[in-house]
Amino acid sequence: QVQLLEHGGGSVQAGGSLTLSCSTSEYTSGDYCLGWFRQSPGKEREGLASISTGGSPSYYAHSVRGRFAVAQDNAKNWLFLQMTNLKPEDTGTYYCAADRHFCWSGSWSEAYEYHFWGQGTQVTVSS
């Protein structure tokens, strides 16, 4: 069982930056896929970025590529999402997620691929 907890949400003006972090409990052996998702009002949960505990590659949704960056610390107990040039449409609840497999290019953004989820943190971007 992997426990996840997001930190760092808040309010920011358009064009600003914000970094989210996710603390994770220790992993059992093997690779884990770690992901960031966003759920905006009236929309489905959207996969934004993912990274495997075993390292690269990282994957990004088209909507955030070039603006968001996913990273993990060397001990792999923290996951980060650095967000720059934020837009009002980035507003939503952000979740970190994990599952015990390497991130796959064809399915990393699918919520059903992840069994462990944080409780979410709110990000609001004002125009």
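Guide: Buried residues make up 46% of the 127 residues in the chain. This is a predicted model, where local features need pLDDT of at least 70 and side-chain atom pairs pLDDT 80 or more, while totals for chains, interfaces and linings use all residues. Residues are numbered from 1 along each chain as its sequence is written, and side-chain values use heavy atoms, with hydrogens and water left out.

Visitor: Why is Phe 37 called buried?

Guide: Buried means under 20% relative accessible area, exposed over 50%, and partly exposed in between (1.4 Å probe, protein chains only). Phe 37 has 0%, so Phe 37 is buried. Tyr 114 has 4%, so Tyr 114 counts as buried too.

Visitor: What makes Trp 117 partly exposed?

Guide: The relative accessibility of Trp 117 is 25%, so Trp 117 counts as partly exposed.

Visitor: Why is the pair of Phe 37 and Tyr 114 called edge-to-face?

Guide: Rings of Phe, Tyr and Trp (its six-membered ring) pair if their centres lie within 6.5 Å; planes under 30 degrees apart count as stacked, over 60 as edge-to-face, the rest as tilted. A search of the whole structure finds 6 aromatic pairs. The rings of Phe 37 and Tyr 114 have centres 5.1 Å apart and planes at 80°, so this pair is edge-to-face. Phe 37 lies in strand S4 and Tyr 114 in the loop between strands S9 and S10, 77 residues apart.

Visitor: What makes Tyr 114 and Trp 117 edge-to-face?

Guide: Their ring centres are 6.2 Å apart and their planes stand at 65°, so that pair is edge-to-face. Ring pairs link Phe 37, Tyr 95, Tyr 114 and Trp 117 into a cluster.

Visitor: Which secondary structure does the chain have?

Guide: The chain has 0 helices and 11 strands. Helices (H or I, at least four residues) and strands (E, at least two) are DSSP runs, numbered from the N terminus.

Visitor: Why do S1 and S7 count as edges?

Guide: Two strands pair if DSSP finds at least two bridges between them. 4 strands form an open, antiparallel sheet in the order S1-S3-S8-S7. S1 and S7 each have a single partner strand, so one side of each is left without a neighbour in the sheet.

Visitor: How do you know that S7 and S8 pair?

Guide: 5 bridges join S7 to S8. Among the bridge partners are Val 70 and, in S8, Leu 81.
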